[in-house]
Amino acid sequence: QKGGIIIFNLWTKDSNRGNNNMVVVGSSGSGKSMAIKHLIYNEFPTTKILIIDVEDEYSYLCKNLGGKVIDCSGGNNGGILNPLQIRIDRENRNNSLSLHFQFLKTFFEILYPNLTEIEFATLDLLLEELYAKFNITSETDITKLKNTDFPIMEDLYFLIENKNTKEPKEVYSKILSLIRPISIGQSAGIWNGHTNIDVNTKITVFNTSSMHKFQIQYKRAQYYNIMS
């Protein structure tokens, strides 16, 4: 009811509520941020909390609760989430590589929407060759690999460059020109490197406030990368 008090258990579903999603709305200055911070504080003792912070609103709270703040813009002071590091699917561990290729297809589609199906197929084959070069196959136990065991963006770039030198192809040249900025170029600090963060604290903030300077495709790809 309007103006009334709503009480519910966030973690329990019933016939009246099919999911645990929640939206906090209100006019400017009505206390939305404060209400969310109270929710976070109340859940903190018993719940692991991950926050995507687009306006740098939660860093102070996180630090005071002994948590970790990760700058998602990369660079010398930022954290790197290596897109080429295979995510471990806890429910389908034997299918992690296959699922990760689906992630990578979407990741590169976000970055380069103008690539054709043939060019995406070529990139897929190049990625297969890259992982094989690092002795990573569908039979590999991903849980036993360290962050540094995975390829990074420059490894992909130099693999394609080497193949293009031996057997020049227009498709290789196009892919090279596209991935150069994020592998050895000016935007390499965003993704070119081994993952150097973890979420081993009770509360972790992914600070994306400085990502406003990214071009739109990079911003979308990084959010997709974070959500993975």
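Trainee: Where does N135 lie?
Mentor: N135 is in the loop between α4 (117-133) and α5 (153-166). Helices (H or I, at least four residues) and strands (E, at least two) are DSSP runs, numbered from the N terminus.

Trainee: Before we go on, what kind of model is this?
Mentor: This is a predicted model, in which local features need pLDDT of at least 70 and side-chain atom pairs count only at pLDDT 80 or more, while totals for chains, interfaces and linings use all residues. Residues are numbered from 1 along each chain as its sequence is written, and side-chain values use heavy atoms, with hydrogens and water left out.

Trainee: Back to N135, then: is it buried or exposed?
Mentor: N135 is exposed, with a relative accessible area of 63%. Buried means under 20% relative accessible area, exposed over 50%, and partly exposed in between (1.4 Å probe, protein chains only).

Trainee: What about the phi of N135?
Mentor: N135 has a positive phi of about 60°, although it is not a glycine. Most residues other than glycine have a negative phi. D56, also not a glycine, has a positive phi of about 55°.

Trainee: Where is D56 found, and what is its relative accessibility?
Mentor: D56 is in the loop between β1 and α2 (59-64). D56 counts as partly exposed because its relative accessibility is 40%.

Trainee: How many helices and strands does the chain have?
Mentor: The chain has 8 helices and 3 strands. Their pattern along the sequence is α-β-α-β-α-α-α-α-α-β-α.

Trainee: What does the C-alpha trace span, and what share of the residues is buried?
Mentor: The C-alpha trace spans about 70 × 40 × 35 Å along its principal axes. Of the 228 residues, 38% count as buried.

Trainee: What about pockets? How much space lies in the largest pocket?
Mentor: About 790 Å³ lies in the largest pocket. On a 1 Å grid over the protein atoms alone, a pocket is an open set of points where a 1.4 Å probe fits, with protein on both sides within 12 Å along at least five of seven lines; lining residues have an atom within 4 Å of a point. Grid points are joined across faces, edges and corners, and the volume is the space filled by probe spheres set on the points.

Trainee: Which residues of the lining are closest to its centre?
Mentor: They are L81, R87, V199, I226 and S228, out of 24 residues that line the largest pocket. β1 (49-53) and α8 (216-227) each supply at least two residues of that lining.

Trainee: Where does L81 lie, and is it buried or exposed?
Mentor: L81 belongs to the loop between β2 (68-71) and α3 (96-111). L81 is buried, as its relative accessible area is 17%.

Trainee: Which residues is L81 in contact with?
Mentor: Leaving aside neighbours within four places in sequence, L81 is in contact with W191, T195, I197, F206, N225 and I226. Contact means heavy atoms within 4.5 Å.

Trainee: And N196, what does that residue touch?
Mentor: Not counting residues up to four places away in sequence, N196 touches G78, G79 and I80. N196 sits in the loop between α7 (188-191) and β3 (203-207), and at 47% relative accessibility N196 counts as partly exposed.
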